[in-house]
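User: I'd like to go through the terms behind this model. Can you take them one at a time?

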Amino acid sequence: MKIGVFDSGIGGMTVLKELKLRFPKEDFFYFGDNANLPYGTKSPDQIKHLAVSAANYISSQKVDALVVACNTASCIAIDEIRKAMGKKTPVFSVVDAGVESVIQNFISSAPILILGTRATVRSHMYAKLIQEKLGAGTQVIEQECPLLVPMIEEAWIGHSILEQTVFEYLKSYQKLPAGVALLACTHYPWIKSTFEKYLPGWMVFDSAIAMGEALTLHFPV
């Protein structure tokens with residue numbers, strides 16, 4: 001089996017690493033659209049155009065399944081991607097995997113914090129799907145973190161500026177009861193420890209592991 005993995009840049013490498021661990025005998029084709037990075041600051045129309053172009057190219061590589069590791073593309077353009085890939089090629093969304101991860105670890109009355117790009121957060125896809133499954137009264141907080149993807153792409157992991165930026169994004173949530181936080185961008189696992197540092201007591205989950213778990217359920221090893 002040949003599995004395609006699509007992301008807007010290096011973020012999807014966190015998913016690819018997880019999938020290779022779980023599916024060591026399968027072939028992988030990775031497409032990171034660094035030329036058009038970042039997706040999270042672009043308009044929905046731009047994101048759809050880029051995602052479909054990527055899907056058309058990936059389809060030409062004769063993959064048997066496609067993992068959309070980009071949360072932004074999954075929120076904005078998953079229907080267009082599935083159409084481009086055709087009915088015979090299953091397409092797996094990292095958003096669906098992330099939502100399932102949150103639901104499995106949900107603590108009654110505790111807040112759920114979604115951390116993602118501007119486009120991901122403004123789509124409200126995570127809140128919509130989580131509240132559909134857990135109830136409209138479920139407290140879902142969505143936080144845009146638009147500065148982080150460019151910093152991670154520049155390898156500023158551990159840099160004091162990145163640390164301060166994460167702190168600024170998270171400082172108000174330190175006053176809330178600890179809940180579940182989802183890193184709703186596949187770039188963010190690179191700095192998971194930084195998120196955990198500024199969300200003491202919270203359970204922090206990342207999209208890469210969630211996607212690995214979801215694909216293992218679909219394709220049992």
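This is a predicted model: local features need pLDDT of at least 70, side-chain atom pairs count only at pLDDT 80 or more; totals for chains, interfaces and linings use all residues.

User: Why is Thr 117 called buried?

Analyst: Buried means under 20% relative accessible area (exposed is over 50%, partly exposed in between; 1.4 Å probe, protein chains only). Thr 117 has 8%, so Thr 117 is buried. Across the protein, buried residues make up 52% of the 221 residues.

User: What makes up the contacts of Thr 117, neighbours within four places in sequence aside?

Analyst: A contact needs heavy atoms within 4.5 Å. On that basis Thr 117 touches Gly 40, Thr 72, Val 149, Cys 185 and Tyr 188.

User: And where is Thr 117 found?

Analyst: In the loop between strand E5 (112-116) and helix H5 (118-123). Helices (H or I, at least four residues) and strands (E, at least two) are DSSP runs, numbered from the N terminus. The protein comes to 10 helices and eight strands.

User: How do you know that the radius of gyration agrees with a compact globule?

Analyst: The radius is taken over C-alpha atoms, and the globule rule is 2.2 Å times the number of residues to the power 0.38. For 221 residues that comes out near 17 Å, and the protein has 17 Å, so the two agree. The C-alpha trace spans about 50 × 35 × 35 Å along its principal axes.

Definitions and conventions:
Residues are numbered from 1 along each chain as its sequence is written. Side-chain values use heavy atoms; hydrogens and water are left out.
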